[in-house]
Amino acid sequence: MSEAMNRYWTLAADPVPAWPQPDTFELRTGPIPTPGPGQALTRTIYVSLDPYQWGYKRRGVEAKGAPCHARTVSRVVESRIPGLAPGDFVFNTNGWSEYGLMGEGVPRPGYMVPRKLDPAKGKLSHAVGVLGMLGLTAYAGMILQGDPKPGETVVVSAASGGVGQIAGQLARLKGARVVGIAGKPEKCAFVTDTLGFDACVSHLDPTLPADLAAACPDGVDVYFENVGGAVFQAVLPLFNPGARMTICGLIAHYGDAPEANAGAQEKAAAEARGVHVQNLFVGDYVEGHHDTFLADMGPWVAEGKVRYLEDIREGLETLPAAFAEMLKGGNFGKMLVRIADDPTL
Ligand code: NDP
């Protein structure tokens with residue numbers, strides 16, 4: 001009988017072209033790792049695909065030859081960690097890999113702390129979404145930074161995406177009037193009809209600046225920035241005095257040369273109009289806010305006050321194509337790939 005092996009995707013070529021190409025990634029096979037003291041071996045179920053992962057590669061954060069980084073939901077196969085048993089579910093960072101180790105000495109970004117998941121408290125996939133880092137990003141950027149007041153106008157770009165859909169609904173919960181910016185008509189319809197935003201305009205339409213101005217007759221008080229470029233240029237003239245802007249992400253610029261600094265230029269342009277601009281890094285909000293966030297968001301999701309759409313693809317083989325699609329708006333909802341059965345479904 002042949003020995004079971006691990007399959008994983010790694011970076012095959014330098015990520016020099018602006019966006020991923022068909023030969024950017026390579027599927028490799030290797031031995032399944034053995035857990036040492038204080039470690040556990042886990043089988044990946046869900047791989048979270050997020051725009052920042054392209055930035056990681058372009059900035060050389062990832063080692064070539066290692067599995068591509070990603071947050072994951074996994075099931076424990078073998079454990080040498082007290083309190084963690086085979087069959088338990090965990091949030092961890094196995095990356096684009098069928099198996100991975102967690103625990104002592106396993107490298108991971110400092111703020112992505114592995115934790116055991118209770119399937120009774122929410123869908124497993126939500127741990128890399130609305131009840132995980134993504135939800136915390138929306139919570140920190142909208143509730144803690146933007147702090148919208150009843151009646152204010154809030155604009156959210158990439159409004160149907162993972163972060164955007166949550167951020168806009170949080171502003172609605174705070175009593176603001178919320179306008180989304182999204183791509184295709186079906187995304188805009190979802191944003192208004194299902195998520196309950198007051199309006200949504202399309203950045204694919206050349207009339208975006210006029211459409212956005214018409215949708216924001218009282219100007220813009222809070223802008224939650226996920227995109228940059230032409231979308232930001234449409235928002236810029238509409239800021240009211242005292243407006244706030246959170247720069248969460250600038251996906252339109254993730255194909256720029258690494259030394260280009262679109263964020264600094266955007267910040268300067270908004271500040272020149274008197275806008276209070278804050279950069280957002282979710283890692284800054286884990287310590288001190290994660291528990292409050294979960295205590296708020298868990299019930300909001302369970303009660304349907306925050307709705308959440310996922311775009312779940314199937315199979316390890318689909319990872320590179322799904323990732324490239326997501327960077328170009330091919331996802332409809334938060335993008336993730338299921339690479340093993342989720343026994344809780
Ligand atoms: P999304 O699910 O929103 O997917 C990305 C979406 O961006 C696409 O579906 C597309 O939507 C839109 N988009 C892509 N290119 C363009 C473009 N050129 N112009 C306009 N829209 C575009 O991803 P996430 O929710 O995971 O991430 C959203 C943002 O939040 C990203 O910028 C990401 O980097 C950032 N982020 C920041 C964090 C932080 O700590 N600051 C943490 C997590 C995420 P459409 O079809 O509607 O155009």
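Predicted model: local features only at pLDDT ≥ 70, side-chain atom pairs only at ≥ 80, totals over all residues.
The domain assignment divides the chain into domain 1, made of residues 5-129 together with 308-338, and domain 2, made of residues 133-283. The centres of these two domains, taken over C-alpha atoms, are separated by 28 Å. Where the domains touch, 21 residues of domain 1 are in contact with 20 residues of domain 2.

The size of an interface is often given as the accessible area lost when the parts come together. For domain 1 and domain 2 this buried area is about 1,600 Å², and 66% of it lies on carbon and sulfur atoms. Three residues, Arg-58, Tyr-111 and Phe-332, supply 33% of the area that domain 1 buries against domain 2, which is more than any other three residues supply. On the side of domain 1 that touches domain 2, the helices α1 (52-58) and α9 (319-327) each supply at least two residues. Sorted by class, that side of domain 1 has 13 nonpolar, four polar and four charged residues.

The ligand has 27 residues around it, and those that come nearest are Lys-187, His-203, Tyr-254, Val-282 and Asn-331.

| Residue | Atom of the residue | Distance to a ligand oxygen atom |
|---|---|---|
| His-203 | N or O atom in the side chain | 2.5 Å |
| Asn-226 | backbone N or O atom | 2.9 Å |
| Asn-331 | polar side-chain atom | 2.5 Å |

Side chains of opposite charge can pair when their charged atoms come close. The structure as a whole holds 16 salt bridges, and one of them joins the side chains of Arg-71 and Asp-50, with 3.6 Å from N to O. Arg-71 lies in the loop between α1 and β4 (72-79), while Asp-50 lies in the loop between β3 (39-48) and α1, so this pair ties together parts that are 21 residues apart in sequence.

Key:
Residues numbered from 1 in each chain as written. Heavy atoms only, no water. Domains from an automatic or database assignment. Contact = heavy atoms within 4.5 Å. Buried area = accessible area lost by both parts, 1.4 Å probe. Helix = DSSP H or I, 4+ residues; strand = E, 2+ residues; numbered from the N terminus. Nonpolar A, V, L, I, M, F, W, Y, C, P; charged D, E, K, R; others polar. Near = heavy atom within 4 Å. Polar contact = N/O pair within 3.5 Å; in protein donor to acceptor, adjacent residues only side chain to side chain. Salt bridge = Lys/Arg side-chain N within 4 Å of Asp/Glu carboxyl O.
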